[in-house]
Every structure is written in structure tokens, then in C-alpha cells.
Amino acid sequence: MNSSKENLKHTKWECKYHVVFIPKYRRKAIYGELRKMLGEVFHELARQKEYRIIEGHLLPDHVHRCLELPPKYAVASVSGFLKGKSALAIARRVQEKERNFTGEHFWARGYAVSTVGFELESVEKYIREQETADKEGRF
């Protein structure tokens with residue numbers, strides 16, 4: 001591990017994850033004002049909890065995030081929190097709904113995750129180049 005280890009009371013840690021999730025039906029729904037708003041929402045949600053967004057990119061039909069999470073948080077819980085709270089923000093700000101969110105789902109159920117380990121620079125570069133790769137038809 002390098003010197004960027006974090007500390008909890010009795011734990012030294014360095015836990016980074018590459019997380020990808022998509023809008024329901026892989027709709028190309030993330031663009032314009034929604035894209036800008038979602039970026040702000042994701043960073044605000046990260047500040048509310050004890051994790052950090054190291055790198056991220058919003059594409060029209062999927063979201064890439066490289067997250068640094070304390071080991072006390074499960075990746076599934078953080079992904080659910082991000083998707084749930086951001087869906088509520090979309091309903092409130094974009095769809096202008098204040099209540100009755102039942103049945104409203106912006107994000108698809110699942111997500112993809114991989115541990116980053118010591119290859120952080122490679123993952124950051126991969127995330128940054130996603131938009132170019134997407135436009136060129138590479139996945």
C-alpha cells in the first residue's frame with residue numbers, strides 16, 4: 001500500500017472500487033442539465049457520508065465512479081444510497097414532484113463493481129476515456 005492510507009480508530013485502509021450503473025432500460029437519459037445536476041448530487045451525497053469520489057464520468061446511458069470507501073461500508077449499501085437518493089433528486093428537481101414517488105425508478109436494479117487495488121491510475125484513465133471510447137463504438 002502506498003502512503004495514502006486512511007485511518008479508522010484501529011484500522012488502516014485503502015479501499016477503492018470502480019462502480020458502474022445504468023438508467024432503467026439503458027435509456028440515454030443523462031445529458032444537459034440532468035448531467036450537471038447529477039454530478040453535483042453525487043458529490044453532495046459523498047460529503048454526507050464518509051466516502052470520496054476519486055474519479056467519475058456521466059455518459060448518456062451509464063455512470064462510472066471510482067469510489068474510496070471506509071471498510072465499514074458495504075459497496076452494495078453505498079450504491080443503493082447513491083442510486084436511491086439521486087433518483088429522488090431527479091424526481092424533485094427535474095420532474096418537479098414533491099411526493100408520491102412510489103413506482104418511480106430512474107436507475108436499473110443492478111450495478112457492476114470491481115476493486116481497484118494498486119491500479120488506480122489505470123482505472124482513472126479508463127474512466128476518463130469512456131466518452132471517447134463510447135463515441136468510437138469501443139466498450
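## Salt bridges and their surroundings

Counting a salt bridge whenever a side-chain nitrogen of Lys or Arg sits within 4 Å of a carboxyl oxygen of Asp or Glu, you get nine salt bridges here. A caveat before you dig in: this is a predicted model, where local features need pLDDT of at least 70, side-chain atom pairs count only at pLDDT 80 or more, and totals for chains, interfaces and linings use all residues. Residues are numbered from 1 along each chain as its sequence is written, and side-chain values use heavy atoms, with hydrogens and water left out.

| Pair | N to O distance |
|---|---|
| Glu14 and Lys16 | 2.8 Å |
| Asp61 and Arg26 | 3.0 Å |
| Glu50 and Lys72 | 2.9 Å |

Take Asp61 and Arg26, which form a salt bridge. That pair links distant parts of the chain, 35 residues apart: Asp61 is in the loop between β4 (52-59) and β5 (62-68), while Arg26 is in the loop between β3 and α1 (32-48). Helices (H or I, at least four residues) and strands (E, at least two) are DSSP runs, numbered from the N terminus. How buried or exposed are the two partners? Asp61 is buried at a relative accessible area of 7%, whereas Arg26 is partly exposed at 39%. The cut-offs are under 20% relative accessible area for buried, over 50% for exposed, and partly exposed in between, using a 1.4 Å probe and protein chains only.

Next up, the side chains of Glu50 and Lys72 meet in a salt bridge. Glu50 lies in the loop between α1 and β4 and Lys72 in the loop between β5 and α2 (75-94), so the pair ties together parts that are 22 residues apart in sequence. Glu50 is partly exposed, with a relative accessible area of 45%.

The Glu14 and Lys16 pair has both partners buried. Those two also belong to a network of salt bridges that links Glu14, Lys16, Arg52 and Glu68.

## Around Cys15

Cys15 is found in the loop between β2 (11-13) and β3 (16-21). Its relative accessibility is 17%, so Cys15 counts as buried. What does Cys15 touch, leaving aside residues up to four places away in sequence? The list is Leu67, Glu68, Leu69 and Pro71, where contact means heavy atoms within 4.5 Å. Cys15 and Gly117 are 102 residues apart in sequence, yet their C-alpha atoms are 7.3 Å apart in space.

## Two positive phi values

Most residues other than glycine have a negative phi. Tyr25 has a positive one, near 60 degrees, and Arg26 has a positive one as well, near 50 degrees. Tyr25 has its place in the loop between β3 and α1, and Arg26 is found in that loop too. With a relative accessible area of 71%, Tyr25 is exposed.

## The whole chain

Zooming out, the protein has four helices and six strands, and the pattern along the sequence reads β-β-β-α-β-β-α-β-α-α. Of its 139 residues, 42% count as buried. Among contacts with a separation of 6 or more, residues 24 or more positions apart account for 69%. The protein exposes about 8,700 Å², with carbon and sulfur atoms supplying 50% of that; accessible areas come from the Shrake-Rupley method with a 1.4 Å probe, and for residues only the protein chains shown count as cover.
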